[in-house]
Amino acid sequence: MKDIKEILKERILILDGAMGTMLQRYKFTEEDFRGERFKDYEHPLQGNNDLLSLTQPEAIAEVHRKYFAAGADIVETNTFSGTTIAMADYYMEDLVYELNYESARIAKMVADEFTQKEPNKPRFVAGSIGPTNKTASMSPDVNDPGYRAVSFDELRIAYKQQVEALLDGGSDILLVETIFDTLNAKAALFAIEEVKEERNIEVPIMVSGTITDASGRTLSGQTAEAFLISICHIPILSVGFNCALGANQLVPHLEVIASKSEHAVSAHPNAGLPNAFGEYDETPEQMAEQIKEYAEKGLVNIVGGCCGTTPEHITAIAEVVGNFAPRQF
């Protein structure tokens with residue numbers, strides 16, 4: 001299979017859109033989340049989307065197929081919450097290896113189907129590594145600023161378990177995404193380096209932060225440039241931003257990292273900002289028009305969608321950026 005670094009020099013690659021948005025269309029009930037295997041589980045499971053890789057694997061495969069058919073080169077595994085830290089909410093820490101392994105296996109199976117049909121357009125699987133629901137840089141308790149809900153070491157151990165399973169299941173790339181706290185991301189990147197060294201392998205790493213407000217900072221207070229500096233000592237494939245903002249609001253932050261990074265640059269924004277009901281209103285055409293600006297300005301190498309995006313959004317984005325050369329790096 002052609003090396004992804006070579007392909008990035010030739011054209012802008014397309015990442016998939018939102019998994020959660022697509023799964024909402026199925027209107028899965030508590031019983032659907034449980035399936036046969038967890039029908040007597042003592043805790044509520046509805047909302048644990050990662051679990052659907054075990055209880056509704058066909059639905060997960062179907063979502064991947066729709067995104068590849070829409071034009072995606074890379075799909076993300078259904079593992080955004082696939083750490084013991086995040087799974088503790090559902091008392092499912094013991095399932096972490098299996099959840100990640102199965103999610104990667106399903107995505108890889110679908111990717112191989114499409115690569116066989118179109119060998120000139122290889123499809124890749126990015127193991128999705130989310131930020132967890134705890135932050136290592138800040139206290140969750142306003143009355144105790146020194147308190148931390150999680151340590152660097154706890155994060156490193158949790159991420160390492162996830163990384164090993166994602167690789168065993170067939171992930172081609174590891175995507176550390178939606179980073180709101182760079183210390184969490186550093187724990188993930190440290191864990192990845194440990195696994196690479198132990199297994200004597202190389203694996204492309206994508207890093208994607210999230211700018212959480214109009215001041216242009218991550219939740220832990222870093223500007224785009226500071227975020228880039230914090231992670232640039234790690235050998236990565238790409239750096240970029242996703243979530244939190246719509247495509248328009250991301251432009252100035254992408255300009256900063258595109259001008260200063262020697263890596264590929266990625267962007268997968270939301271379909272605009274959420275409305276009063278927490279829904280995303282931006283149409284595929286509106287979003288594609290905004291992402292066109294990224295390509296016109298030569299800012300990006302990888303584009304896709306986050307919250308609220310669908311295969312229709314990905315098709316529109318793929319059509320628009322297909323006419324532009326990728327950013328040189």
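Serine 103 touches Asp50, Ser53, Thr77, Asn78 and Thr79, leaving aside residues up to four places away in sequence. In this predicted model, serine 103 lies in helix H7. Its relative accessibility is 0%, and buried means under 20%, so serine 103 counts as buried.

Helix H7 also packs against another helix. Two packed helices are described by the angle between their axes and the distance between the axes. For H7 and helix H8, which spans residues 152-168, the angle is about 35° and the axes are 7 Å apart. The crossing of H7 with H8 is right-handed. On the H7 side, the contact is made by Val96, Tyr97, Asn100, Tyr101 and Ala104. On the H8 side, Gln161, Gln162, Glu164, Ala165, Leu166 and Asp168 take part. By type, the residues of this contact divide into six nonpolar, three polar and two charged.

The aromatic rings come next. The model has seven aromatic pairs. One of them joins phenylalanine 68 and phenylalanine 114, whose ring centres are 5.4 Å apart, with 40° between the planes. Pairs under 30 degrees count as stacked and those over 60 as edge-to-face, so the rest are tilted; the pair of phenylalanine 68 and phenylalanine 114 is a tilted one. Phenylalanine 68 belongs to helix H5 (residues 57-70) and phenylalanine 114 to helix H7 (residues 96-117), so that the pair links distant parts of the chain, 46 residues apart. Phenylalanine 68 counts as buried because its relative accessibility is 1%. Phenylalanine 114, at 10% relative accessibility, counts as buried too.

Another pair is formed by phenylalanine 227 and phenylalanine 241. Their ring centres are 5.8 Å apart and their planes are at 40°, so this pair is tilted. Phenylalanine 227 lies in helix H10 (residues 224-231), while phenylalanine 241 lies in strand S6 (residues 238-246), so the pair ties together parts that are 14 residues apart in sequence. Phenylalanine 227 and phenylalanine 241 are both buried.

Elsewhere, Tyr26, Phe28 and Phe33 form one aromatic cluster.

Over phenylalanine 329 lies lysine 9, at 3.9 Å from the ring centre.

Notes: Residues numbered from 1 in each chain as written. Predicted model: local features only at pLDDT ≥ 70, side-chain atom pairs only at ≥ 80, totals over all residues. Heavy atoms only, no water. Phe/Tyr/Trp six-rings, centres within 6.5 Å; stacked < 30°, edge-to-face > 60°. Helix = DSSP H or I, 4+ residues; strand = E, 2+ residues; numbered from the N terminus. Buried < 20%, exposed > 50% of the residue type's maximum accessible area, 1.4 Å probe, protein only. Lys NZ or Arg CZ within 6 Å of the ring centre and 35° of its normal. Axes fitted to C-alpha atoms, helices over the stretch in contact; angles between N-to-C directions. Left-handed = near helix turned anticlockwise from the far one by under 90°. Contact = heavy atoms within 4.5 Å. Nonpolar A, V, L, I, M, F, W, Y, C, P; charged D, E, K, R; others polar.
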